[in-house]
Amino acid sequence: MTSDERLIRINKFLSEAGICSRKQADRLIEQGEVEVNGQPAYLGMKIRETDQVSVSGRGIESKPEPVYLLYHKPVGITCTHDLAVKGNLVDALDFPQRVFAVGRLDKASEGLMLLTNDGEIVNKILRVENAHQKRYQVTVDKAITPAFLQAMAAGVEILDTVTRPCQVSQRSEDCFEIVLTQGLNRQIRRMCKALGYRVTRLRRLRIMHLELDGLSEGEWRLLTPEERNQLTLQLRDSSSLAKTL
């Protein structure tokens, strides 16, 4: 093995150490908050596991023991680690380690969230080309029509693109479930709005094989060994890197 093969990019190191995402790491590097062996880090820098890394003066250990937990986010909690924001995720979880969300839910939405300190897992689940499923239950402000369901399933034009075809099933006069394999900003709300509907309640029920069932509102729990093993198997062939355009 060559010496270059033992190197890792600084932003990947910080992501795997559970400090922040790769993009956030790049911002910290640009702000001069990251040092390697007492010297300022730079974008694209590669380091060895034996190098001493610090962020804002605090030493960073190599990749910690991975932690995975499920959280039933209530309405009103904001998916941010900024302690200045009332109802932030850190205060709501009160978890002893830093973990970050695998896909957000907006403040008005509720339901299942997966949080972890494993940056590679985050990247693999969120990459749209890996097509990992997330199921939602959605209530809207008026009666659902067959045309609405067909349009939602076929793809809706939002954010200068057309959403991927997806599974949609009606649950009641004004409630449906939808399974997405992508995560555009406020995607379901935007899709409904484009078709003349307003979302009045949105709950995420499932992320891949992980279910909301059994979790009370505001409660979190660690993944079981069986859930972790299944997660590893499902992500085994998933890429953590974006496709080259």
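This is a predicted model: local features need pLDDT of at least 70, side-chain atom pairs count only at pLDDT 80 or more; totals for chains, interfaces and linings use all residues.
Residues are numbered from 1 along each chain as its sequence is written. Local features need pLDDT of at least 70, side-chain atom pairs count only at pLDDT 80 or more, and totals for chains, interfaces and linings use all residues, while side-chain values use heavy atoms, with hydrogens and water left out.

Select the open sheet of four strands, ordered E3-E2-E5-E6 with antiparallel pairing. Strands (E, at least two residues) and helices (H or I, at least four) are DSSP runs numbered from the N terminus; two strands pair if DSSP finds at least two bridges between them. E3 (39-40) and E6 (58-60) are the edge strands, each with a single partner strand, so one side of each has no neighbour in the sheet.

Now select E5 (residues 53-55), which pairs with E6 in the antiparallel sense over three bridges. Ser54 stands opposite Gly59 in E6.

Asn37 has a phi near 55 degrees, positive although the residue is not glycine. Most residues other than glycine have a negative phi. Asn37 is partly exposed, at 44% relative accessible area (buried is under 20%, exposed over 50%, partly exposed in between; 1.4 Å probe, protein chains only).

Move to Arg186, in the loop between strand E14 (175-180) and H6. Its phi is also positive, near 50 degrees, and Arg186 is partly exposed at 42%.

Finish at Gln187, in helix H6 (residues 187-194). Gln187 is buried, with a relative accessible area of 3%. Show its contacts (heavy atoms within 4.5 Å): leaving aside residues up to four places away in sequence, Gln187 touches Ile158, Thr163, Leu180 and Gln182.
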